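Welcome, and please take a moment to look over the sequence and the model below. We will then walk through a few places together, step by step.

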Amino acid sequence: MEVRRVGFIGGGVIAEALATGLVEKGGIKKDDILISEQSASRREYLAKGDWKVTSENKDTAEFDVIFISLKQDEVAQELKKLGNTTSILVSLVAGVTLRTLDLNSQWKLVRAITNLNAQNGSAVTAICSNAIKSNAKAAELVNELMSKLGKALVVKEEEMNAITAVIGSGVAYSLMFIEALAEEGIMQGLSRDVAKMVAEQTVLGAAQLMQGSEDHPAKLRDDVEVGKGSTLVGVRTLECKGLREALHAAVEASD
(Lines give C-alpha, C1' and ligand atoms only; values in the text may rest on other atoms or scores of the structure.)
Protein backbone atom coordinates (compact mmCIF):
# COMPACT_ATOMS: atom_id res chain seq x y z
CA MET A 1 0.00 0.00 0.00
CA GLU A 2 1.26 3.44 -0.90
CA VAL A 3 0.26 6.33 1.31
CA ARG A 4 -1.11 9.11 -0.84
CA ARG A 5 -3.71 10.91 1.29
CA VAL A 6 -3.22 11.84 4.94
CA GLY A 7 -5.75 13.23 7.38
CA PHE A 8 -5.32 14.81 10.78
CA ILE A 9 -7.85 14.95 13.57
CA GLY A 10 -6.58 17.82 15.66
CA GLY A 11 -4.59 20.63 14.10
CA GLY A 12 -2.22 21.63 16.87
CA VAL A 13 1.51 22.31 16.74
CA ILE A 14 2.59 18.67 16.46
CA ALA A 15 0.06 18.00 13.70
CA GLU A 16 1.26 21.05 11.76
CA ALA A 17 4.89 20.02 12.16
CA LEU A 18 4.14 16.49 10.99
CA ALA A 19 2.10 17.69 8.04
CA THR A 20 4.93 20.03 7.04
CA GLY A 21 7.44 17.19 7.24
CA LEU A 22 5.24 14.90 5.15
CA VAL A 23 5.12 17.53 2.41
CA GLU A 24 8.80 18.49 2.60
CA LYS A 25 10.30 15.03 3.13
CA GLY A 26 7.56 12.40 2.96
CA GLY A 27 6.45 12.72 -0.63
CA ILE A 28 2.88 13.70 0.24
CA LYS A 29 1.29 16.52 -1.74
CA LYS A 30 -0.10 19.40 0.29
CA ASP A 31 -3.44 19.11 -1.52
CA ASP A 32 -3.67 15.50 -0.30
CA ILE A 33 -3.57 16.48 3.36
CA LEU A 34 -6.72 17.44 5.28
CA ILE A 35 -6.62 18.81 8.83
CA SER A 36 -9.73 18.62 10.98
CA GLU A 37 -9.69 21.22 13.75
CA GLN A 38 -12.48 22.38 16.05
CA SER A 39 -11.03 25.81 16.86
CA ALA A 40 -12.17 28.38 14.29
CA SER A 41 -9.16 30.61 14.96
CA ARG A 42 -6.77 27.68 14.52
CA ARG A 43 -8.49 26.67 11.27
CA GLU A 44 -8.10 30.23 10.03
CA TYR A 45 -4.39 30.16 10.94
CA LEU A 46 -3.84 26.84 9.12
CA ALA A 47 -5.81 28.01 6.08
CA LYS A 48 -3.51 31.02 5.80
CA GLY A 49 -0.69 28.50 5.42
CA ASP A 50 -2.57 26.94 2.49
CA TRP A 51 -3.58 23.83 4.44
CA LYS A 52 -6.92 22.25 3.60
CA VAL A 53 -9.03 22.35 6.75
CA THR A 54 -12.41 21.16 8.02
CA SER A 55 -14.34 21.15 11.26
CA GLU A 56 -15.76 17.67 10.61
CA ASN A 57 -13.56 14.76 11.69
CA LYS A 58 -15.55 12.36 9.51
CA ASP A 59 -14.27 14.21 6.41
CA THR A 60 -10.93 12.42 6.93
CA ALA A 61 -12.49 8.93 7.12
CA GLU A 62 -11.52 7.85 3.59
CA PHE A 63 -7.87 8.91 3.79
CA ASP A 64 -5.09 6.30 3.75
CA VAL A 65 -3.68 7.33 7.13
CA ILE A 66 -5.31 9.45 9.82
CA PHE A 67 -3.15 10.93 12.58
CA ILE A 68 -5.03 11.57 15.82
CA SER A 69 -3.63 14.54 17.74
CA LEU A 70 -6.14 15.36 20.48
CA LYS A 71 -6.31 15.73 24.24
CA GLN A 72 -6.47 12.51 26.23
CA ASP A 73 -10.08 12.98 27.26
CA GLU A 74 -11.21 13.68 23.69
CA VAL A 75 -9.65 10.90 21.68
CA ALA A 76 -12.01 7.96 22.34
CA GLN A 77 -15.16 10.00 21.70
CA GLU A 78 -13.81 11.47 18.45
CA LEU A 79 -12.57 8.10 17.16
CA LYS A 80 -16.06 6.65 17.45
CA LYS A 81 -17.28 9.18 14.88
CA LEU A 82 -15.11 7.53 12.22
CA GLY A 83 -17.28 4.44 12.18
CA ASN A 84 -15.92 1.45 10.23
CA THR A 85 -13.17 3.38 8.48
CA THR A 86 -10.55 1.31 6.66
CA SER A 87 -7.89 4.00 7.18
CA ILE A 88 -4.82 3.36 9.29
CA LEU A 89 -5.43 5.24 12.53
CA VAL A 90 -2.30 6.59 14.19
CA SER A 91 -2.76 7.95 17.70
CA LEU A 92 -0.22 10.60 18.68
CA VAL A 93 -1.88 10.99 22.09
CA ALA A 94 0.63 10.35 24.87
CA GLY A 95 -0.45 8.09 27.71
CA VAL A 96 -3.52 6.57 26.00
CA THR A 97 -3.09 2.83 25.44
CA LEU A 98 -4.08 0.76 22.45
CA ARG A 99 -6.54 -1.10 24.68
CA THR A 100 -8.31 2.17 25.45
CA LEU A 101 -8.38 3.15 21.78
CA ASP A 102 -9.45 -0.24 20.39
CA LEU A 103 -13.16 0.54 20.15
CA ASN A 104 -13.78 -1.15 16.82
CA SER A 105 -12.42 -4.57 15.80
CA GLN A 106 -12.24 -3.46 12.15
CA TRP A 107 -9.83 -0.60 12.79
CA LYS A 108 -6.16 -0.75 11.86
CA LEU A 109 -4.76 0.95 14.94
CA VAL A 110 -1.24 2.18 15.73
CA ARG A 111 0.28 4.36 18.44
CA ALA A 112 3.16 6.71 17.67
CA ILE A 113 5.15 9.40 19.43
CA THR A 114 7.13 11.95 17.45
CA ASN A 115 8.31 15.52 17.99
CA LEU A 116 8.52 18.94 16.39
CA ASN A 117 11.66 17.93 14.52
CA ALA A 118 9.37 16.18 12.05
CA GLN A 119 8.99 19.50 10.25
CA ASN A 120 12.66 19.52 9.21
CA GLY A 121 13.20 15.81 8.67
CA SER A 122 15.14 15.15 11.89
CA ALA A 123 12.44 13.64 14.09
CA VAL A 124 12.57 10.51 16.17
CA THR A 125 9.35 8.49 16.06
CA ALA A 126 8.44 5.49 18.20
CA ILE A 127 5.66 3.22 16.94
CA CYS A 128 3.77 0.33 18.50
CA SER A 129 0.78 -1.86 17.71
CA ASN A 130 -0.92 -4.88 19.25
CA ALA A 131 -0.53 -8.48 18.10
CA ILE A 132 -3.32 -8.38 15.54
CA LYS A 133 -1.80 -9.01 12.11
CA SER A 134 -3.52 -6.09 10.37
CA ASN A 135 -2.26 -3.69 13.05
CA ALA A 136 1.30 -5.05 12.83
CA LYS A 137 1.28 -4.51 9.06
CA ALA A 138 -0.11 -1.02 9.59
CA ALA A 139 2.73 -0.29 12.04
CA GLU A 140 5.27 -1.37 9.41
CA LEU A 141 3.74 1.04 6.90
CA VAL A 142 3.70 3.91 9.41
CA ASN A 143 7.31 3.10 10.30
CA GLU A 144 8.26 3.33 6.62
CA LEU A 145 6.44 6.65 6.27
CA MET A 146 7.91 8.20 9.41
CA SER A 147 11.42 7.05 8.50
CA LYS A 148 11.30 9.67 5.76
CA LEU A 149 11.06 12.34 8.47
CA GLY A 150 14.08 11.22 10.47
CA LYS A 151 14.55 8.03 12.46
CA ALA A 152 11.72 5.67 13.34
CA LEU A 153 11.56 2.49 15.37
CA VAL A 154 8.95 -0.04 16.40
CA VAL A 155 8.85 -0.62 20.17
CA LYS A 156 6.79 -2.49 22.73
CA GLU A 157 3.86 -0.54 24.13
CA GLU A 158 5.22 -0.81 27.67
CA GLU A 159 8.22 1.23 26.47
CA MET A 160 6.11 4.10 25.13
CA ASN A 161 5.90 6.17 28.31
CA ALA A 162 9.66 6.14 28.81
CA ILE A 163 10.44 6.89 25.19
CA THR A 164 7.85 9.69 25.18
CA ALA A 165 9.69 11.34 28.05
CA VAL A 166 12.85 11.43 25.92
CA ILE A 167 11.46 11.98 22.40
CA GLY A 168 8.66 14.39 23.20
CA SER A 169 10.10 16.36 26.11
CA GLY A 170 13.74 16.07 25.09
CA VAL A 171 13.32 18.70 22.38
CA ALA A 172 12.27 21.24 25.02
CA TYR A 173 15.20 20.27 27.27
CA SER A 174 17.64 20.64 24.38
CA LEU A 175 16.20 24.02 23.40
CA MET A 176 16.43 25.15 27.02
CA PHE A 177 20.12 24.19 27.05
CA ILE A 178 20.75 26.12 23.83
CA GLU A 179 18.84 29.08 25.23
CA ALA A 180 20.94 29.13 28.41
CA LEU A 181 24.19 28.74 26.45
CA ALA A 182 23.27 31.65 24.17
CA GLU A 183 22.16 33.81 27.11
CA GLU A 184 25.54 33.47 28.76
CA GLY A 185 27.24 34.20 25.46
CA ILE A 186 25.35 37.51 25.41
CA MET A 187 26.37 38.16 29.02
CA GLN A 188 29.99 37.64 27.96
CA GLY A 189 29.68 40.29 25.26
CA LEU A 190 28.42 38.51 22.12
CA SER A 191 25.64 39.98 20.04
CA ARG A 192 22.31 38.18 20.30
CA ASP A 193 22.51 36.84 16.74
CA VAL A 194 26.07 35.57 17.14
CA ALA A 195 25.35 33.98 20.52
CA LYS A 196 22.29 32.18 19.13
CA MET A 197 24.16 30.93 16.06
CA VAL A 198 27.20 29.60 17.90
CA ALA A 199 25.07 27.95 20.61
CA GLU A 200 22.76 26.12 18.20
CA GLN A 201 25.58 25.12 15.84
CA THR A 202 27.68 23.80 18.74
CA VAL A 203 24.84 21.60 19.99
CA LEU A 204 24.02 20.44 16.45
CA GLY A 205 27.67 19.59 15.89
CA ALA A 206 27.84 17.63 19.15
CA ALA A 207 24.81 15.56 18.11
CA GLN A 208 26.35 14.88 14.70
CA LEU A 209 29.64 13.95 16.38
CA MET A 210 27.80 11.32 18.41
CA GLN A 211 25.94 10.00 15.37
CA GLY A 212 29.22 9.53 13.51
CA SER A 213 30.94 7.67 16.33
CA GLU A 214 30.49 4.36 18.13
CA ASP A 215 32.09 5.80 21.27
CA HIS A 216 30.10 6.48 24.41
CA PRO A 217 29.29 10.20 24.83
CA ALA A 218 31.47 10.25 27.96
CA LYS A 219 34.45 9.19 25.85
CA LEU A 220 33.79 11.93 23.32
CA ARG A 221 33.45 14.43 26.15
CA ASP A 222 36.81 13.28 27.53
CA ASP A 223 38.38 14.10 24.16
CA VAL A 224 37.15 17.70 24.55
CA GLU A 225 38.27 18.00 28.16
CA VAL A 226 41.96 18.29 27.34
CA GLY A 227 44.24 18.53 30.38
CA LYS A 228 42.99 20.80 33.14
CA GLY A 229 41.58 23.46 30.83
CA SER A 230 38.48 25.59 30.91
CA THR A 231 36.17 22.89 29.51
CA LEU A 232 36.95 20.53 32.36
CA VAL A 233 36.34 23.29 34.88
CA GLY A 234 33.05 24.14 33.18
CA VAL A 235 31.88 20.50 33.09
CA ARG A 236 32.68 20.08 36.78
CA THR A 237 30.66 23.21 37.47
CA LEU A 238 27.69 21.76 35.62
CA GLU A 239 28.00 18.56 37.65
CA CYS A 240 28.20 20.51 40.91
CA LYS A 241 25.16 22.58 39.95
CA GLY A 242 23.19 19.39 39.34
CA LEU A 243 22.67 19.40 35.56
CA ARG A 244 22.69 15.62 35.26
CA GLU A 245 20.38 15.09 38.23
CA ALA A 246 18.01 17.77 36.99
CA LEU A 247 17.71 16.08 33.58
CA HIS A 248 17.16 12.68 35.18
CA ALA A 249 14.43 14.15 37.38
CA ALA A 250 12.79 15.92 34.43
CA VAL A 251 12.61 12.73 32.34
CA GLU A 252 11.31 10.74 35.30
CA ALA A 253 8.67 13.38 36.01
CA SER A 254 7.40 13.36 32.42
CA ASP A 255 7.36 9.55 32.16
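Which residues in α6 meet which residues in α7? Before we answer, please keep in mind that this is a predicted model. On the α6 side, the residues are Phe177, Ile178, Leu181, Ala182, Gly185 and Ile186. Their partners in α7 are Arg192, Ala195, Lys196, Ala199, Glu200 and Val203. Sorted by class, this contact holds eight nonpolar residues, one polar residue and three charged residues.

Now step back and look at the two helices as whole elements. Two packed helices are described by the angle between their axes and the distance between those axes. Helix α6 covers residues 160-187 and helix α7 covers residues 192-211. Their axes come within 8 Å and cross at roughly 140°. Angles over 145 degrees would count as roughly antiparallel, and α6 and α7 are therefore described as oblique to each other. The crossing of this pair is right-handed.

One residue of this contact deserves a visit of its own. Ala199 sits in helix α7, and its relative accessible area is 2%, so Ala199 is buried. Setting aside neighbours within four places in sequence, Ala199 is in contact with Ile178, Leu181 and Ala182. Arg244, in turn, is 45 residues from Ala199 in sequence, and the C-alpha atoms of the two are 19 Å apart in space.

Helix α6 has another partner to show you. Helix α10 spans residues 243-254, and α6 packs with α10 at an angle of about 130°, with their axes 10 Å apart. That angle makes α6 oblique to α10. The crossing of α6 and α10 is right-handed. Here Ala165, Val166, Ser169 and Tyr173 in α6 meet Leu247, Ala250, Val251 and Ser254 in α10. By class, the contact has six nonpolar residues, two polar ones and no charged ones.

Let us move to helix α1, residues 13-24, where Gly21 lies. Is Gly21 buried or exposed? Its relative accessibility is 0%, so Gly21 counts as buried. Beyond its neighbours within four places in sequence, Gly21 is in contact with Gly26, Ala118, Gln119 and Leu149. Gly21 and Asn120 are 99 residues apart along the chain, yet their C-alpha atoms are separated by 6.1 Å.

Next, turn to a strand. Ser91 has its place in β5, which runs over residues 88-91. With a relative accessibility of 2%, Ser91 counts as buried, because the cut-off for that word is under 20%. Which residues is Ser91 in contact with, leaving aside neighbours within four places in sequence? They are Ile68, Leu101, Val110, Arg111 and Ala112. A polar atom of the Ser91 side chain also lies 3.3 Å from the backbone nitrogen of Val93.

Our last stop is a loop. Asp50 is found between α2 (40-48) and β3 (52-54). At 58% relative accessibility, Asp50 counts as exposed, whereas Gly21 counts as buried. The backbone of Asp50 is worth a look too: its phi is near 65°, a positive value in a residue other than glycine.

Methods: Residues are numbered from 1 along each chain as its sequence is written. This is a predicted model: local features need pLDDT of at least 70, side-chain atom pairs count only at pLDDT 80 or more; totals for chains, interfaces and linings use all residues. Side-chain values use heavy atoms; hydrogens and water are left out. Helices (H or I, at least four residues) and strands (E, at least two) are DSSP runs, numbered from the N terminus. Buried means under 20% relative accessible area, exposed over 50%, partly exposed in between (1.4 Å probe, protein chains only). A polar contact is a pair of N or O atoms within 3.5 Å; within protein, one must be able to donate a hydrogen and the other to accept it, and residues adjacent in sequence count only if both atoms are side-chain atoms. Contact means heavy atoms within 4.5 Å. Axes are lines fitted to C-alpha atoms, for helices over the stretch in contact, and angles run from 0 to 180 degrees between N-to-C directions. Angles under 35 degrees count as roughly parallel, over 145 as roughly antiparallel, 65 to 115 as roughly perpendicular and the rest as oblique. A crossing is left-handed if the near helix is turned anticlockwise from the far one by less than a right angle, and right-handed if clockwise. Ala, Val, Leu, Ile, Met, Phe, Trp, Tyr, Cys and Pro count as nonpolar, Asp, Glu, Lys and Arg as charged, and the others, Gly among them, as polar.
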